[in-house]
Amino acid sequence: MEFEVVPAPVLAEPLIQRLAVLLGRAYTDQRHVDGFSQQDRSRWADDFARVHSHQGSSDDSPPRELMPDDFMKRFPTIRNAARLAEDRRESLHLLAETNGRVASHVSLWPQYFVFDDFRFSGGYIEDVATDPLDLGRGLAQEGMRAAAAVARERGLEMLGLATGLKGYYERLGWLPWHGNHTFHIAERNAAYPDQPLYLFPLSAAAKKVAASDGPMRSWRLRRFGDVPEVFRG
């Protein structure tokens, strides 16, 4: 199945709705629900059942049930899509669609990495998802490879993601960061820990850093190739 690359500024309805359906279903399967707090499991139990009520084959009419807004706001893809097109971050969305639904999705976001004296214009992977109807087909792996190819085409040097699915990403060639990671939002002067961090180096210098350890910092930017104001000049 081929992945199409869709820039965030051109995401439009009903594609945004189909993405929301996918993310709601993918992140409420039992694997994810087991990691929720008891309070959240109780809070959204009826919604979990509702969005997973579609049990037909992948050739049936597509699922349409959405999780509530307070659940969906945890996804950068959905928060960004809610902005006016001209105000969105320059994220790229790799989508595999079939039979009127999004079967799998990987998004790539502009990110700037700093470790000691090394600074890299890079990207961050978010909202990796495959619909329960399409699990076991290797779609997420295919989407991750496609995202890395797009990053190389743009001259990015480093990719990152934060995940608890350690073995899965290591099998795809991602390297665990043996240190802490602080994630900054450039225009909001906000920072928080985002880890465990995994790195996918795309240059020789990035490979050297990925084999190191210690405090890593990164900045979410509005455009690929931007530099945080603190490092300008």
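Which unit do E4, helix H7 and E5 make? Strand E4, helix H7 (residues 139-153) and strand E5 make a right-handed β-α-β unit. A crossover is called right-handed if, with the strands pointing away from the viewer, the path from the first strand over the helix to the second runs clockwise. Helices (H or I, at least four residues) and strands (E, at least two) are DSSP runs, numbered from the N terminus.

The model is a predicted one, in which local features need pLDDT of at least 70 and side-chain atom pairs count only at pLDDT 80 or more, while totals for chains, interfaces and linings use all residues. Residues are numbered from 1 along each chain as its sequence is written, and side-chain values use heavy atoms, with hydrogens and water left out.

Strand E3 (residues 101-115) runs antiparallel to E4 and is joined to it by 11 bridges; two strands pair if DSSP finds at least two bridges between them. Phe115 stands opposite Phe118 of E4. The two strands form a hairpin with 2 residues between them, and Asp116 in the turn has a positive phi of about 50°. With strand E5 (residues 158-162), E4 pairs in the parallel sense over 3 bridges, and Gly122 stands opposite Met158 in E5.

The nonpolar packing comes next. A nonpolar core is a set of buried Ala, Val, Leu, Ile, Met, Phe, Trp, Tyr and Cys residues joined through side-chain atoms within 4.5 Å. The largest such core has 50 residues, of which Leu108, Ile125, Met144 and Trp174 touch the most other members. Apart from this core lies another, of 15 residues, among them Phe120, Phe183, Ile185 and Val209. Beyond its neighbours within four places in sequence, Leu108 is in contact (heavy atoms within 4.5 Å) with residues including Tyr124, Ile125, Ala147, Leu159 and Phe224.

Strand E7 has its own partners. This strand is mostly covered, with 4 of its 5 residues buried. E7 pairs with strand E10 (residues 216-220) in the parallel sense over 5 bridges, and His184 stands opposite Trp219 in E10. Strand E8 (residues 190-193) runs antiparallel to E7, and 4 bridges join them. Within their hairpin, which has 4 residues between the strands, Asn189 takes a positive phi near 55°.

Aromatic rings provide further links. Rings of Phe, Tyr and Trp (its six-membered ring) pair if their centres lie within 6.5 Å; planes under 30 degrees apart count as stacked, over 60 as edge-to-face and the rest as tilted. By this rule the count is 15 aromatic pairs. The ring centres of Tyr124 and Phe183 are 5.3 Å apart and the planes stand at 70°, so this pair is edge-to-face. Because Tyr124 lies in strand E4 and Phe183 in strand E7 (residues 181-185), the pair ties together parts that are 59 residues apart in sequence. Both Tyr124 and Phe183 are buried. Trp174 and Phe200 form a tilted pair, 5.3 Å centre to centre with 40° between the planes. Trp174 is buried, with a relative accessible area of 5%, and Phe200 counts as buried at 15%.

How values were computed. Buried means under 20% relative accessible area, exposed over 50%, partly exposed in between (1.4 Å probe, protein chains only).
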